[in-house]
Amino acid sequence: MRDHPERDISSKLVHNGIEFGMLQAMAEGFDLLTHYHDRRDIGAVLECWRHGSVIRSWLLDLLTQAYREDPKLRKPSSYVEDTGEVNWLVSDAIGMEVPIPAIATAVMQLIASRDQQKNWARAIVLMRHAVGGHPVGPDAATAHERHVGRVGDCLNPNLVEEVGRAG
């Protein structure tokens, strides 16, 4: 595995966590633009960001394209689907006592999207669909994977045993 980091599950989970954090930040910025009291040319702002800023990226290209095709982002649901993989990453980080607040918050916002009709969630749905064909709304097979496809438990068994003895 060490010779092929792209096949290492831990590396993939960290990659996905970074992606979640980036998606969340871009979507929140997009949503903020849509709420300013004075009208903004959001398409022009996105184009500027794509070509003249430090946040230029493929994800931003995808958001710009989605905005061009549907400026109100009415096509997708705001339900952001996931397999739960980044939840495992957050659990691992907690077990290792490594703070990852941006990624953990992105996971919480993903869960929050399931109860709200928000533009930031629609933006994430569109970008994830374009990146990897992820569902654009609730998907029974993906939800099932999230609930049964766990690769570990958030509690370190040694810590549980230690706490039990101390208690």
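Colleague: By class, how many nonpolar, polar and charged residues does the lining of the largest cavity have?

Modeller: Keep in mind that this is a predicted model. The lining of the largest cavity has five nonpolar residues, one polar and one charged.

Colleague: Which residues line the largest cavity?

Modeller: Find F20, L23 and Q24 in the structure, then A106 and L110, then I124 and R128. Together they line the largest cavity.

Colleague: Which helix gives the most to that lining?

Modeller: That is α1, with three residues. Look at α5 (101–112) and α6 (119–132) as well. Like α1, each of them supplies at least two residues of the lining.

Colleague: What volume does the largest cavity have?

Modeller: About 50 Å³. A search of the whole structure for cavities of 30 Å³ or more finds one.

Colleague: Now the pockets. How does a pocket differ from a cavity?

Modeller: A probe that fits in a cavity cannot get out, while a pocket is open. Here, the largest pocket holds about 320 Å³ of space. It is lined by 14 residues, and T34, I42, Y67, P71 and K72 are the closest to its centre.

Colleague: Which helix supplies the largest share of the pocket lining?

Modeller: Helix α1 (residues 9–35) does, with three residues. By class, the lining of the largest pocket has seven nonpolar, five charged and two polar residues.

Colleague: Let me step back to the whole chain. How many helices and strands does it have?

Modeller: Eight helices and zero strands. Read from the N terminus, the elements run α-α-α-α-α-α-α-α.

Colleague: What share of the contacts links residues 24 or more positions apart?

Modeller: Count the contacts with a separation of 6 or more in the protein chain. Residues 24 or more positions apart account for 72% of them.

Colleague: Pick one residue for me. Where does G84 lie?

Modeller: G84 sits in the loop between α3 (58–69) and α4 (85–96).

Colleague: Is G84 buried or exposed?

Modeller: Use the cut-off: buried means under 20% relative accessible area. G84 has a relative accessible area of 0%, so it is buried.

Colleague: How far apart are G84 and V148 in sequence and in space?

Modeller: They are 64 residues apart in sequence. In space, their C-alpha atoms are 9.4 Å apart.

Notes
Residues numbered from 1 in each chain as written. Predicted model: local features only at pLDDT ≥ 70, side-chain atom pairs only at ≥ 80, totals over all residues. Heavy atoms only, no water. 1 Å grid on protein atoms, 1.4 Å probe; cavity = no way out; pocket = protein on both sides within 12 Å on 5 of 7 lines; lining within 4 Å. Points joined across faces, edges and corners; volume = space filled by probe spheres on them. Helix = DSSP H or I, 4+ residues; strand = E, 2+ residues; numbered from the N terminus. Nonpolar A, V, L, I, M, F, W, Y, C, P; charged D, E, K, R; others polar. Contact = heavy atoms within 4.5 Å. Buried < 20%, exposed > 50% of the residue type's maximum accessible area, 1.4 Å probe, protein only.
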